[in-house]
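Here's a quick briefing to read alongside the model. Have the sequence and the 3D view open as you go.

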Amino acid sequence: MARIANYNRPRDTRGTLKQMLSYLGRHKWYMLVIALLVAVSALSSISGTYMLKPVINRFILPGDIPGLVNMLLVMGGLYLCGALSCYAYNQMMVHISQKVVNEIRSDLFRHTQRLPLTYFDAHTHGELMSRFTNDVDTISDALNNSFALLIQSFIQVVGTLVLLFVLNWRLSLLVVVGYAVMFWYIRFSTNRSRFFYARQQQALGDLEGYVEEMAAGQKVVKVFNHEQTNLEGFQALNARLQSAGTSAQGYSATMIPAVVSISYINYAVIAVLGGLMVMNGQSSLGSLASYLVFVRQSALPINQFTQQGNFLLAALAGAERIFNVLDEQPETDEGTVEIVRVEKSADGTLVPSAGGRRTGLWAWRDSADPAAPLVPLRGDVRFRDVSFGYIPGQTTLHDVTLYAKPGQKIAFVGSTGAGKTTITNLINRFYDITSGTITYDGIDVRKIRKSDLRRSLGVVLQDTHLFTGTVADNIRFGKLDATDEEIIAAAKIANAHSFIERLPQGYNTMVSCDGANLSQGQRQLLAIARAAVADPPVLILDEATSSIDTRTEALIEKGMDRLMEGRTVFVIAHRLSTVRNSNAIIVLEHGGIVERGSHDELLAQKGEYYQLYNGMFELA
């Protein structure tokens, strides 16, 4: 036995097995053929061994050479049939296992795309990645190696026991005692190994986390000369991993020798007693020969059956964790209002454009009420007595009322945790409010389909995320059907065109490792260009210029001024200099609005904003 399953067993084995069988059930005819081939392979091996009895008793002892040749040909045919069946079901099992794993992985990814942000807030990225890698790989290994082998081992164990009792029931009582001792030791060794494997996994996780942390913080390590201290910390964790691994492997390594030793002792006792029975005429020589081969072979299927059973339980535990994600409630969307391309008719009213033709005009249409008039998409956003909390019972926003008319630039300022980003998250319905209303062009946002709502919004976040691909691909992420000309125009608006042109392949330069080959400022410029190419009526800039130098920031602001013409813009900025030209500045503290007005109006009030602007309070 090579290894012991080092995962916890599933909490709900029956429920998980039922869900797993539903995937296998999609290929039931394949699975039926595989089961038949496995049975043929196992029974061929058992039958070939059993035929030693008639071969010896009826042909070897009487000296019937022609009959012996025929029987050997029959035995050879049986073993060949078993070998071919084994090859066939292994090939089919590989095909089916990869197909099933592909379906599970696809379902898992499709479902995660529909989960609300609250799920990702409560679960780490590493935890989710583990479902796609470790847990899926465990299922794949079990289906490839354990499923068919478990069935075959079960048939061989049961078939061997049955034929042992058929050949000699008295000796079989001793075999059963040997089996019982084998199963006891296997169970004991497995339990002890699983305990130490759990400790090994914990120690391994601690060691990997330590290495990752130290590798990411090498600049700090070298600045403070902590290399030796870090090495000592690594050696301590490595020693703990060594200790746990030694104990786990130690118990695991004794299993095969112990089972083999027990089978040897059992074999020796059976051989002596069987020989005496043959000498006394209580058994035939052929029966004893066949019996001893069965006894000799019995240890292997027992080992395999126990080992593969553990691997299957490990796979079910991994499957349970995957199915737990699949059982998570997806993001609900009961909206009926959708965004459509429109054009003006002869009388000046808005009508859907023919064939979805691009006109540059958009409107809201309620699919649940086709007779309702189209509402022009202008970008009028209003909050009325809005309250919200990320955690039930803990309110983050308190009775917030604000408005942003089409084309206005609204800035939010305040300390960390004041609720600035929360407000923008509520506009695009990343979260739903607890009370109050948010309207978009006079329509409650809860009535708008989330995909259409978010399609009308452009968002630039402080933490820029770029995807693997070219610079052009990353800008095009904001509008997948954007032409090269539109991409270049968006880059010029964001003042990113000049630095892109200086890249080795220009717009075709590959972006790697989340933009590791670009500076932070360049990554931010690409994120702004990505929002610009979408050409949305409403823009949300969450610390969009926080990682850009003052000169670049000034260039961006000129581009953003061009972009915001006729659009509503929400800006969150720590640099108060970036919000001076806003139509309205909203000062937030502790989840509520304490001041609202233009830059000059707020300075004249000499309140919270005045103190922030003059450096009396630090804006974090």
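G48, T49 and Y50 in α2 meet L52, K53 and P54 in α3, where contact means heavy atoms within 4.5 Å. This is a predicted model, so local features need pLDDT of at least 70 and side-chain atom pairs count only at pLDDT 80 or more, while totals for chains, interfaces and linings use all residues. Residues are numbered from 1 along each chain as its sequence is written, and side-chain values use heavy atoms, with hydrogens and water left out.

**Where α2 meets α3**

- The axes of α2 and helix α3 (residues 52-60) come within 4 Å and cross at roughly 25 degrees; axes are lines fitted to C-alpha atoms, for helices over the stretch in contact, with angles from 0 to 180 degrees between N-to-C directions.
- That crossing makes α2 roughly parallel to α3, a label for angles under 35 degrees.
- Helices here are DSSP runs (H or I, at least four residues), as are strands (E, at least two), and both are numbered from the N terminus.

**Salt bridges**

- The count comes to 15 salt bridges, each being a side-chain nitrogen of Lys or Arg within 4 Å of a carboxyl oxygen of Asp or Glu.
- R26 pairs with D107, with the closest N and O atoms 3.7 Å apart.
- That pair ties together distant parts of the chain, 81 residues apart: R26 sits in the loop between α1 (13-24) and α2 (28-50), and D107 in helix α4 (residues 65-112).
- R26 and D107 also belong to a salt-bridge network that takes in E103 and R110.
- D135 pairs with R321, with the closest N and O atoms 2.9 Å apart.
- Here too distant parts of the chain are linked, with D135 in helix α6 (residues 125-167) and R321 in helix α12 (residues 299-326), 186 residues apart.
- D135 is buried at 1% relative accessible area, whereas R321 is partly exposed at 24% (buried means under 20%, exposed over 50%, partly exposed in between, using a 1.4 Å probe and protein chains only).
- R382 bridges to D380, the closest N and O atoms being 2.8 Å apart; R382 is partly exposed at 26%, and D380 is buried at 7%.

**Around Q505**

- Q505 lies in the loop between α17 (497-501) and β12 (510-511), and counts as exposed because its relative accessibility is 51%.

Conventions. Parallel < 35°, antiparallel > 145°, perpendicular 65-115°, else oblique.
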